[in-house]
Amino acid sequence: MNIVNNINHKVSGAQSALSNDALTYIESVATLLSPWGLPPSAGRVLGYLLLIQQPVTIDQIANDLSMSRVSAWNSAKNLEEFDHVKRF
């Protein structure tokens, strides 16, 4: 089964949860990219975006990854500066 299909989102409220498989993948991406100078929080955001494969808000990223909105914003800005992601 594809790990992307294992992402569980609660549709009804502001809170959203990721499956254990998705969290493991996200942490693996962060760990893999850390030796190349990418901060762990930015690696987590990139791993998350690779799984989601659709535009998301900073609030949704922060909520799904249990990080502050400021940390999510700084991570996304870092990724955008190096052309890893694009803002819509």
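Predicted model: local features only at pLDDT ≥ 70, side-chain atom pairs only at ≥ 80, totals over all residues.
Me: Why is Asp64 called buried?

Reply: Asp64 has a relative accessible area of 4%. Residues are numbered from 1 along each chain as its sequence is written, and side-chain values use heavy atoms, leaving out hydrogens and water.

Me: What makes the pair of Asp64 and Tyr48 a polar contact?

Reply: Their side chains come to 2.4 Å. A polar contact is a pair of N or O atoms within 3.5 Å; within protein, one must be able to donate a hydrogen and the other to accept it, and residues adjacent in sequence count only if both atoms are side-chain atoms. The value of 2.4 Å is therefore within the limit. Asp64 belongs to helix α3, and Tyr48 is one of the buried residues of α2.

Me: What makes phi of Gln53 worth a note?

Reply: Phi is near 55°, a positive value in a residue other than glycine. Gln53 comes after α2, in the loop between α2 and α3. With a relative accessible area of 61%, Gln53 is over the exposed cut-off, so it is called exposed. Asp83 also has a positive phi, near 60°. Asp83 lies in the segment after α4 and, at 69%, counts as exposed.

Me: How many helices and strands does the protein have?

Reply: There are four helices and zero strands, giving the order α-α-α-α from the N terminus. Helices (H or I, at least four residues) and strands (E, at least two) are DSSP runs, numbered from the N terminus.

Me: How do you know how the reach of α1 compares with what is expected?

Reply: Helix α1 covers residues 20-33, 14 residues in total, and spans 20 Å between its first and last C-alpha. The expected span is 1.5 Å times one less than the number of residues. For α1 that is 20 Å, so the reach is close to expectation. α2, with 13 residues, reaches 18 Å, close to the 18 Å expected.

Me: Why do the buried residues of α1 line one face?

Reply: The residues in question are Ala22, Ile26, Val29 and Ala30. Looking down the axis of α1, they fall within an arc of 95°, taken from the directions from the helix axis to the C-beta atoms, so they share one face. The face turned away from that side carries the exposed residues Asn20, Thr24, Thr31 and Leu32. Among what covers the buried residues of α1 are α2 (40-52) and α3 (58-65).

Me: Which residues have the most contacts inside the largest nonpolar core?

Reply: They are Tyr48, Ile61, Leu65 and Leu79, in a core of 19 residues. Such a core is a set of buried Ala, Val, Leu, Ile, Met, Phe, Trp, Tyr and Cys residues joined through side-chain atoms within 4.5 Å. α1, α2, α3 and α4 (69-81) each give two or more residues, and α2 supplies the largest share, six residues. The buried residues of α2 pack against α1, α3 and α4.

Me: What is Leu79 in contact with?

Reply: Contact means heavy atoms within 4.5 Å. Beyond neighbours within four places in sequence, Leu79 touches Leu38, Ala42, Val45, Leu46, His84 and Val85.

Me: What is the mean pLDDT of the protein?

Reply: The mean is 85, and 82% of residues reach 70 or more; pLDDT is the predictor's confidence in each residue, from 0 to 100. Over residues 1-15 the pLDDT is below 50, although this stretch has 29 contacts beyond near neighbours in sequence in the model.

Definitions and conventions:
Buried < 20%, exposed > 50% of the residue type's maximum accessible area, 1.4 Å probe, protein only.
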